[in-house]
Amino acid sequence: MTDVLGRDRPADFWSRLKESSLPGALAIFVVGIAGFFLLPDNLALLTRIIAIAFLVLSLDLVTGYCGVATLGHAALFGAGAYGAGIAAVHFGVTDPIAMTIVGGVSGAIAGLVCGSVILRAHGLPQLVLSIAVIHLFHEAANKASSWTGGSDGLSGIMPDPLLGLFEFDLWGKTAYLYGIGLLLVVFVFLRMIVHSPFGLMARGVREDHVRVAAMGVSVHSVLLRMYVLSGMVAGIGGALSAVATQVVGLDSLSFTLSAQALVMLVVGGTGSLYGALIGTVLFLFFEDVVSAANPFHWLAIVGALLIAVVLFAPRGLYGTAISIIRERRKKSAA
Amino acid sequence: MQTVLSVAIDALAYGMVLFVISIGLSITMGLMRVVNLAHGAFAMIGGYLASYAARDLGLGYAAALLIAVIGTIIIAIPLERFLYRRIYGAPELTQVLMTIGITFCIIGIANFVFGPTLKTIPLPETLRGATDVGFRTIATHRIFAIAIGAAIAVLLWCLVEKTSYGIRLRASVDNSAMAAALGVRTELVYAASFAIAVGLAALGGAVGAELLPVEPYYALRYMVTFLVVVSIGGSGSIGGALLASLLLGAIDTTGRYFAPEYGEFFFYLAVIVIVAVFPRGLAGRRA
């Protein structure tokens, strides 16, 4: 059986799933376990990388797959983090898995709200709307300090042991392994989504939305559904960060985080889940090393890197690497 | 009544500074279709140069402003030649990334050269203190900022509507290929407009340093505000940019006076409402 892109694909659902996401899931698993044993003192950083990876994956869904440029995507991440945190502090929902679900749901709701605002416009007004939305969320969270702790952050989040068995320890081992597990599940789920007819429709919207509309599909509804999905993924990341650090700060709802997420996505490569993951890991790892020395040098380096990527590797590191490998293969086959 | 008047004067001065800086962005956006997030960085460079000229070289205020404008244009020309030309006509995401990269670089370099502290531009004797305008006194610098903004608006309007350069500019905006076929050297028009845009940004950054203090994160902090002004005014429209600057200046200043604990909540709420109601901006033309 061949798919729309003309590739041969097995007909059966499970073997298709295995083919599309097994190598990636395996790679995440191996790298994750290697990180656990190679950097046992840096598990907090590694867990943060995983949490942000959810945000970048979710941004990839709307920016990479649908072509919506947004500088306000941290709103969905922050909504998940605050949702999980508020559930734990004010409503006593301290089971980590329940907190994650609450985070995902709040992220999805935030996605619905943000999506219905941001998708009203195109081009520059769309960008401005996304910026306005993230600032609005930020100011609202700052003002509602009885719920969110305001600028002091929401503290006192005490998650129960995972499945009633594994305590969240001081070294962050449980949090890290929980993060890896969540990432595996979400990754496989997202592979399924982007290879589904719905995912292909989203790509169609990015390539030529007029044509998709002419086919009788509501472009707005495709984009909005993707936004809700993306909100769920980002919300899970936010909840993971709330569970792991036991505090939610206003910086999780900041314009800076949104812009950084976009940079990570672009450095890694838009329109591919692997690109999003690679970009996140590289960016946060080097940020940790360089910004410890001087934050302004780090900013200048990120700027130069962005210019270089736009000029020389417009498809990001992963996309460029893939196309180089394909060129090689073509040459050796010829 | 007193409060209302002083809020109105502050709002007007702030709006005029916003206008002087943003109109350049509006020109580049309307003409070259570049979403230039580095525009705030050029305003910041102008502020730094003026501060350096006035404080460290001991030059007068007028000379400092002139150095700020010319110096920033000299810095911006190679950037236009080597970086911006590659992203004309590119997708928005590419333009956003490239110009945000330029902004990050400029912030890092500005901090390296001038340090992280706030820079002031000492005002001359004549602009310090307050002026009596009959029924009340107003800080002289505010009047100066308002006058500069009004003068720029009139000058630009004359330039675009009454000169042959203006005709070429409008022709290139409407249809660049057709204008080139009719003998307009669009490359020169682009370069001149970019220089004017950057020069205005530098002027605004230097004149407005009292209201928008100059420090390394200036470029990021106010970038959003300038983008908002252009998007609400409708790119390429002088009247629209003026209207949007005054409107947003009024909303922001009023919010700060009467509900400071809400920060910029009302400002961004207003932005969302305006963009939702006028997706092409207040004076935007159909694409």
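1. Among contacts in chain A between residues at least 6 apart in sequence, what percentage join residues at least 24 apart? The share is 76%, where two residues are in contact if their C-beta atoms, placed from the backbone, lie within 7 Å.

2. This is a predicted model, in which local features need pLDDT of at least 70 and side-chain atom pairs count only at pLDDT 80 or more, while totals for chains, interfaces and linings use all residues. Residues are numbered from 1 along each chain as its sequence is written, and chains are lettered from A in the order in which they are written.

3. Chain A has 14 helices and zero strands, these being DSSP runs numbered from the N terminus, with at least four residues (H or I) for a helix and at least two (E) for a strand. Its C-alpha atoms fill a box of roughly 60 × 45 × 45 Å along the principal axes.

4. The contact between the chains takes 32 residues from chain A and 39 residues from chain B. On the side of chain A that touches chain B, the elements giving two or more residues are helix H5 (124-143), helix H11 (255-268) and helix H13 (295-312), and the largest share, 13 residues, comes from H5(A).

5. Within chain B, helix H9 (residues 218-233) and helix H10 (residues 238-258) pack at an angle of about 125 degrees, with their axes 8 Å apart; axes are lines fitted to C-alpha atoms over the stretch in contact, and angles run from 0 to 180 degrees between N-to-C directions. Among the residues making this contact are B:Val228 and B:Ile232 of H9(B) and B:Leu243 and B:Leu248 of H10(B).
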